[in-house]
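Here are my notes on this two-chain model. Please read them with the viewer open.

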Amino acid sequence: MAEVSLSNVKKDFGAISIIKGIDLEIKDGEFCVFVGPSGCGKSTLLRMIAGLEDITQGALRIGGRDMTKIGPSDRGVAMVFQSYALYPHMTVAENIGFGLRMTGHDKAEIAKRTTAAAKMLQLEPLLDRKPGQLSGGQRQRVAIGRAIVRNPEVFLFDEPLSNLDASLRVQMRGEISRLHQDLGATMIYVTHDQVEAMTMADKIVVLSAGRIEQVGSPLELYHRPKNLFVAGFIGSPKMNFIPVEARPHNGGIEVTLPGGTLLQLAGTLAAAGKMTLGLRPEHATATGAGDAVLPTKVQLAEHLGSETLFFVSLADGSEIAVKADGLAPQRPGGAMQIGFPARACHLFDAAGNAVLNGDLTR
Amino acid sequence: MTRRFKHLPGQIGLWLGVALLVLWSVGPVYWSFVTSITPPNALVSNSLHLWPEAATWQHYAKLFGANSTSQGNEVASVWPQFSRAFANSLITSLAATALVVIIAAFGAWAFVRLQFPGRDVLFVLVVATLAIPAYTVMIPLYRLMISLGLIDTYTGVTLIYVSAFLPLALWLMRSVYQAMPLSLEEAAWLDGASKLRAFVQVVLPLAGPGLVACGILTFLSAWGQFMVPLVFSPTLATKPLTVLIPEFVTRNYVDYGLMNAAGIVAIAPPLLLVMFLNRYLVSGLMAGAGK
């Protein structure tokens with residue numbers, strides 16, 4: 001059992017507070033992704049779990065044991081670094097077997113387990129090479145091999161795919177997911193790429209400025225973001241934010257859209273005021289079908305073949321994105337009637353917290 | 001073909017520069033060698049000979065011979081003195097080199113990776129000693145060495161060499177470690193290695209070229225030392241070649257041939273060392289550590 005639990009974990013660098021109190025439970029065997037913009041503290045948090053950074057305050061438990069003050073070599077965790085950090089003077093086999101040598105395994109055992117790990121990662125023909133003779137993807141595999149050979153209870157990945165080209169990234173993403181299924185170990189994965197987070201995670205932790213914004217499954221975060229930050233961070237292209245006036249009306253909410261169009265939303269609202277309506281580009285239509293219809297002007301069209309992404313301006317000049325069919329006929333400069341269902345709309349109050357989430361899944 | 005001659009003026013300039021540099025560095029060595037194989041009477045001739053008209057090994061024979069003649073007289077052989085001084089040079093230089101490399105390897109790592117109060121100030125102070133001229137500390141150092149009973153001992157001379165050459169080696173190794181990604185050590189720690197094992201098994205092998213450079217620098221500096229042994233090695237107990245060779249100048253005769261033969265022999269150890277260690281000075285050891 002290797003659940004990871006953080007309680008009120010903080011990290012200061014001098015007077016600067018980097019991690020401002022994190023409470024998090026990661027279950028045994030869970031694939032947990034820390035995601036957030038650069039500088040949000042996600043890598044620092046991972047390094048604190050690894051033992052490479054001290055924990056200023058709070059407690060860390062791995063598999064029920066208090067690891068707050070334990071050194072990195074005794075935490076039973078393995079880490080794959082963003083830079084891979086392969087030992088350049090050792091062969092692939094020596095790199096993979098290094099951890100076993102350090103923990104005093106005998107030669108036969110090391111050879112057996114190194115070969116097994118290499119087989120799993122298709123590294124067998126490369127065992128005698130030095131890291132300098134490998135391609136980026138192969139180095140990445142060696143770094144993963146070095147981690148899995150020790151059968152750690154917890155795997156830590158620090159942006160492991162950010163140095164790879166796009167196609168290799170997609171391939172390695174699949175391989176890491178498969179590895180997780182095969183090993184069943186707890187994995188914590190740091191990335192700034194929300195696509196990686198969505199595709200791999202059981203649980204996503206969205207971080208911003210040293211705090212957790214929201215924890216949940218990928219679809220939970222997509223459908224029910226707690227605030228503007230999460231709503232804007234999860235999903236690609238990002239959610240549109242439309243400034244609106246909202247007030248309670250007939251047991252529901254009435255929203256005035258730019259240009260004066262009224263939209264009725266199900267839900268309750270305590271007081272009227274300026275709010276932000278959230279609408280994902282994929283939930284708007286370029287055909288004008290939906291509960292609300294807005295006249296817009298096409299500013300820009302990105303033709304991706306299977307779909308076209310339109311950037312259109314509303315009556316008040318604010319711009320939103322609309323994902324449409326690849327065959328949609330509209331062109332930049334022309335008019336477009338966009339429509340969307342009320343059920344797809346999110347509403348955020350002035351503080352940025354969600355008042356209402358769309359309920360497309362319910 | 002055309003490419004080769006495209007920048008002919010530049011090429012000529014380059015080769016001219018290289019030729020000058022070679023002449024500058026090899027010229028004196030060549031002249032020393034020529035002098036060492038020139039008969040004594042030809043050494044004082046009026047005409048310049050770039051190669052002796054009658055080459056002779058007599059100076060070398062005098063150096064290595066069991067007995068020796070000087071100006072027609074049978075005199076005591078210089079070989080006992082020479083061999084002793086040769087050994088002294090080797091012992092003090094090798095000891096200083098070994099100590100400096102070991103201390104710099106660990107010390108510089110501490111200056112880079114360990115956090116302790118006053119770390120950077122201490123480092124600046126150590127390096128600042130490079131700016132102090134040796135002559136200014138000679139007298140206090142002499143008194144110190146007398147009080148410690150270290151005059152004319154291998155320990156004394158070696159210690160002085162270490163204190164003189166360590167700052168540069170520390171400086172060099174510090175930049176070597178600074179250029180090394182911390183993630184390599186972190187990976188080793190996570191692989192279960194202690195800090196010391198990570199250092200010995202991961203950092204040190206990669207710092208090899210830096211250590212070799214430190215070793216070469218220190219050995220060459222120690223081998224060529226004159227002032228320090230002149231003061232601190234008064235007798236053949238520790239007197240090195242650099243101090244012995246000028247003593248071939250006697251009151252009424254300067255034995256140029258013998259001095260230069262001894263000089264040529266004295267070049268051999270550093271030359272062999274550099275030729276042997278040169279292959280470890282390769283760059284690109286770090287290839288493949290990262291992306």
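1. Terms first. Helices (H or I, at least four residues) and strands (E, at least two) are DSSP runs, numbered from the N terminus. The model is predicted, so local features need pLDDT of at least 70 and side-chain atom pairs count only at pLDDT 80 or more, while totals for chains, interfaces and linings use all residues. Residues are numbered from 1 along each chain as its sequence is written, with chains lettered from A and ligands numbered from 1 in the order in which they are written.

2. Leu90(B). This residue sits in helix 5 (residues 79-113) of chain B. Why is Leu90(B) partly exposed? It has 15 C-beta neighbours inside 10 Å. The cut-offs: 20 or more other C-beta atoms within 10 Å make a residue buried, 12 or fewer exposed, and anything in between partly exposed, with C-beta atoms placed from the backbone. Ser221(B) is 131 residues away along the chain, and its C-alpha atom is 12 Å from that of Leu90(B).

3. Chain A overall. Eight helices and 20 strands make up its secondary structure. Its C-alpha atoms fill a box of roughly 75 × 45 × 35 Å along the principal axes. Of its 362 residues, 43% are buried.

4. A sheet in chain A. Four strands form an open sheet in the order 2-1-4-5, with antiparallel pairing. Strand 2 (16-26) and strand 5 (65-66) of chain A are at the edges with a single partner strand each, so one side of each has no neighbour in the sheet. Pairing requires at least two DSSP bridges between two strands. Strand 1 (residues 4-13) and strand 4 (residues 57-62) of chain A are joined by five bridges in the antiparallel sense. Within strand 4 of chain A, Ala59(A) is the bridge partner of Ser7(A).

5. Cores. A nonpolar core is a set of buried Ala, Val, Leu, Ile, Met, Phe, Trp, Tyr and Cys residues joined through C-beta atoms within 7 Å. The largest has 149 residues; among those with the most contacts inside it are Val33(A), Leu156(A) and Met173(B). Helix 8 (residues 154-178) of chain B gives the most to this core, twelve residues. A second, separate core has 14 residues, including Ala85(B) and Met259(B).

6. Contact means C-beta atoms, placed from the backbone, within 7 Å. Chain A supplies 27 residues and chain B 22 residues. On the chain A side, strand 6 (77-80), helix 2 (92-102) and helix 4 (136-148) give two or more residues.

Methods
Contact = placed C-beta atoms within 7 Å.
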